[in-house]
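Student: Please show me how to read the features of a structure one at a time, with the cut-offs stated as they come up.

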Amino acid sequence: MLSFCLPTAMMDPNKMTINLALFGMTQSGKSSAGNILLGSSDFLSSFAPCSVTKDCSLGRSCHLHGFMRRGGQEITLQVQVLDTPGYPHSRLSKNHVKQKIKEALAHHFGQEGLHLALLVQRADMPLCGQEASFPVHVIQELLGQAWKNYTALLFTHAERIQEAGIDEDEYLHEASDTLLSLLHSIQNRCIFQYKNGNLLNKQRIQILERIMAFVRENCYQVLTFK
């Protein structure tokens with residue numbers, strides 16, 4: 001059962017913990033995206049001929065002191081990210097993947113709650129077909145009717161569209177009807193992630209700022225899993 005509440009992590013006026021979960025297809029870049037969000041290498045991420053992520057795992061970032069201000073006070077931010085197996089998976093069935101994610105959400109965010117689900121999609125691959133829609137269906141099923149308010153798209157490998165001379169607005173303008181429909185459902189919440197070497201830390205802060213803007217739109221409410 002899902003419920004909405006103000007997380008206990010918000011009770012400390014000078015500290016905030018944001019809980020995120022990554023969803024997406026195999027080789028979409030979920031684990032790599034999670035590592036950028038955490039500013040670490042908690043999640044195994046590599047190119048492989050098979051699915052790399054087999055289990056759900058939770059990573060915690062270091063404290064980001066003075067990340068933002070609220071009510072005239074500096075706020076220290078910590079990010080918790082749940083990495084999940086993708087589908088199609090080279091070893092796990094569709095139902096097995098779904099069950100693993102369901103159990104992990106209840107275990108890690110059952111009490112604290114989930115602020116945002118990030119649907120990870122490669123920017124250089126079209127969103128189409130039944131297999132591509134599986135992560136969306138999982139989010140819809142596990143987050144319930146409120147999924148549209150607690151989901152954002154995270155485009156990985158965005159440097160590929162940059163290399164093609166296409167900016168973000170052009171990319172979205174030329175997107176497939178399937179992708180446009182999804183974006184419309186989630187109030188056009190999306191983030192582009194680029195692999196820019198030495199600029200990764202700067203990009204991490206920019207992505208976290210976007211995520212915090214989405215969280216504020218929800219008045220810092222969370223989804224809890226019971």
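Predicted model: local features only at pLDDT ≥ 70, side-chain atom pairs only at ≥ 80, totals over all residues.

Student: How should I read aromatic pairs, and how many does the structure hold?

Tutor: A pair of aromatic rings is described by the distance of the centres and the angle of the planes. Rings of Phe, Tyr and Trp (for Trp, the six-membered ring) pair if their centres lie within 6.5 Å, and planes under 30 degrees apart count as stacked, over 60 as edge-to-face and the rest as tilted. The structure holds four such pairs. In one of them, the ring centres of Tyr87 and Phe134 are 4.7 Å apart and the planes stand at 50 degrees, so this pair is tilted. Because Tyr87 lies in the loop between strand S5 (73–83) and helix H2 (94–109) while Phe134 belongs to helix H3 (residues 130–143), the pair ties together parts that are 47 residues apart in sequence. Tyr87 is buried at 17% relative accessibility, and Phe134 is buried at 8%.

Tutor: Phe155 and Tyr171 form an edge-to-face pair, with 5.5 Å from centre to centre and 80 degrees between the planes. This pair links distant parts of the chain, since Phe155 is in strand S7 (residues 151–156) and Tyr171 in helix H5, 16 residues apart. Phe155 has a relative accessible area of 0% and is buried, Tyr171 is buried at 14%, and together with Phe192 they form one aromatic cluster.

Student: Which residues line the largest cavity, and how is a cavity told from a pocket?

Tutor: On a 1 Å grid over the protein atoms alone, a cavity is a set of points where a 1.4 Å probe fits but cannot get out, whereas a pocket is an open set with protein on both sides within 12 Å along at least five of seven lines, and lining residues have an atom within 4 Å of a point. Grid points are joined across faces, edges and corners, and a volume is the space filled by probe spheres set on the points. The whole structure has one cavity of 30 Å³ or more, and the volume of the largest cavity is about 50 Å³. Its lining consists of Phe23, Gly24, Thr84, Pro85, Tyr87, Val97, Ile101, Phe134, Pro135 and Val138. S2, H2 and H3 are the elements that give two or more residues to this lining, and H3 has the largest share, with three.

Student: And what of the second largest pocket?

Tutor: The second largest pocket has a volume of about 240 Å³. Of its 14 lining residues, Glu168, Phe192, Tyr194, Gln203 and Gln206 are the closest to the centre. Helix H5 (168–173), strand S8 (190–192) and helix H7 (200–217) each give two or more residues to the lining, and H7 gives the most, with five.

Student: Which residues have the most contacts inside the largest nonpolar core?

Tutor: In soluble globular proteins, nonpolar side chains tend to be buried together. A nonpolar core is a set of buried Ala, Val, Leu, Ile, Met, Phe, Trp, Tyr and Cys residues joined through side-chain atoms within 4.5 Å. The largest one here has 42 residues, and Phe23, Leu105, Leu143 and Leu153 have the most contacts inside it. H3 gives the most to this core, with seven residues. A second, separate core of 28 residues includes Met68, Ile75, Met212 and Val215.

Conventions. Residues numbered from 1 in each chain as written. Heavy atoms only, no water. Helix = DSSP H or I, 4+ residues; strand = E, 2+ residues; numbered from the N terminus. Buried < 20%, exposed > 50% of the residue type's maximum accessible area, 1.4 Å probe, protein only.
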